[in-house]
Amino acid sequence: MAVLPVLADAYLIVSNGVISGYGSMKDLPSSIRSAATIDVAGRFVFPSFVDSHTHLVYAASREEEFVMKIKGATYEEIAAKGGGILNSAKKLRQLSEDELFECTVGRAWDIIRTGTGAVEIKSGYGLTVADELKMLRVAKRIGAETPLTVKTTFLGAHAVPKEITKDDYINLILQEMIPAVAEENLADYIDVFCEQGFFSPDETERVVERGKEYGMKPRIHANQLHRSGGVQVGVKTGALSVDHLENVGDDEISVLKNSSVMPTALPGAAFFLGLPFPPARTMMEAGLPLAIASDYNPGSSPSGNMPMMVSLACIKMKMTPEEAFNASTINTACALELDKTHGSITIGKKANLFITKPVSSLAYLPYAYGSNLVESVMLNGKIL
Ligand code: NIG
Ligand code: FE
């Protein structure tokens, strides 16, 4: 992860939406000298970010809870008072599919402008059969109606709605939601919020095993607030990734070592909630890879700005800029099974790129946190 190869004074050729060549300027093939060119002198050309964990589809922001948090309430206290995920569900249920799409599409364009080219989008603010399906249809439409590559995840097991017992809700997920999601082919993956006060490791396992029967591979919200057993159940069920990891120790690290699960840190959520950051250096020194995603959602990370996530990874998790860029491009692409087409500048991959403003070095990008240094964006070979 420490190695991020960089070519200075280089060319890159894009044809038919795909990267078809690159190299040193001195080796530029003469046959392509007459093609349309973009001069990027003084700038960096990066592979687009792959954001492997978001809750991009939601109805309304929750800044009232933000203020409660400032005054001392914890995430769990807010959730227990009907805030949190249930608050988002109440608002989302009132919107039609078209209205929900209109709320979401602006956020999709915002993340495109900050360099994201592929994104995973979860359900989990519907919590009824109809509203979960509505969320996933909107997520699919984001993929169809913007240049983003979208992968979708069914997260019915995000919270238990007030009007139903937990056992009944789990049965609803197993018997009705999962088959209905599969019937419309709405989800690539299945996720569970495995956490004290939400879903236990056993419940998580039941839900994801059912999802697997319907072709949805697991990825798990694990170890955000406690050492909840989420990492272990993720490894046991063959999850593609375990995400959050604010609360992991030696046990979780050694379990992950013997697996092909991608550990994924969500530094925006740790920052926003004031949680400890995942022990990135310890994990990497143990030989684990690490991915970085935004967790863009209205409750715990109201930003999908990947350059900011890279800065947080460097500043708060002591990752080098090279490690943080690898973590948010090729490693997240791997976690989303997009590594053959996304996540690096490789011949044959999609021409999903962003071009920076003129900057003095690679490290300047995470160093100058909060500056918008993405000057232009190319997705599917088209400058936007
Ligand atoms: O990833 N942890 C669970 N889900 C989201 C937060 C959801 C919310 O508060 O709306 C997360 O942090
Ligand atoms: Fe999340």
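How far is an oxygen atom of ligand 1 from an N or O atom in the side chain of S300? In this predicted model, the distance is 2.5 Å. The ligand is where I will start.

The protein covers 100% of the 320 Å² of accessible area that ligand 1 has on its own. Ligand 1 sits in the largest cavity. Around the ligand there are 15 residues, and the closest are Y75, Y125, H158, Q224 and S300. Y125 has a polar side-chain atom 2.6 Å from an oxygen atom of ligand 1. For H158, a polar side-chain atom lies 2.7 Å from a nitrogen atom of the ligand.

The backbone oxygen of Q224 is 2.8 Å from a polar atom in the side chain of N247. Where is N247 found? The answer is the loop between β10, residues 241–244, and α9, residues 250–257. Setting aside neighbours within four places in sequence, N247 is in contact with N223, Q224, L225, H226, R227 and P276.

L245 is found in the loop between β10 and α9 as well. Now for its backbone angle. Most residues other than glycine have a negative phi. L245 has a phi near 65 degrees, a positive value in a residue other than glycine. Is L245 buried or exposed? L245 counts as buried because its relative accessibility is 0%, and the cut-off for buried is under 20%.

N185 is another residue to look at for phi. Its phi is positive, about 55 degrees, although N185 is not a glycine. This residue lies in the loop between α6 and β7, where β7 is residues 189–194. N185 has a relative accessible area of 57%, so N185 is exposed; the cut-off here is over 50%.

Last, helix α6 itself. The helix spans residues 166–183, and N171 lies in it. N171 and P161 are ten residues apart in sequence, and their C-alpha atoms are 13 Å apart in space.

That is the end of my part.

Definitions and conventions
Residues are numbered from 1 along each chain as its sequence is written. Chains are lettered from A and ligands numbered from 1 in the order in which they are written. This is a predicted model: local features need pLDDT of at least 70, side-chain atom pairs count only at pLDDT 80 or more; totals for chains, interfaces and linings use all residues. Side-chain values use heavy atoms; hydrogens and water are left out. Helices (H or I, at least four residues) and strands (E, at least two) are DSSP runs, numbered from the N terminus. A residue is near a molecule or strand if one of its heavy atoms lies within 4 Å of it. A polar contact is a pair of N or O atoms within 3.5 Å; within protein, one must be able to donate a hydrogen and the other to accept it, and residues adjacent in sequence count only if both atoms are side-chain atoms. Accessible areas come from the Shrake-Rupley method with a 1.4 Å probe; for residues, only the protein chains shown count as cover. On a 1 Å grid over the protein atoms alone, a cavity is a set of points where a 1.4 Å probe fits but cannot get out, and a pocket is an open set with protein on both sides within 12 Å along at least five of seven lines; lining residues have an atom within 4 Å of a point. A molecule sits in a cavity or pocket if more than half of its atoms lie within 2 Å of its grid points. Contact means heavy atoms within 4.5 Å. Buried means under 20% relative accessible area, exposed over 50%, partly exposed in between (1.4 Å probe, protein chains only).
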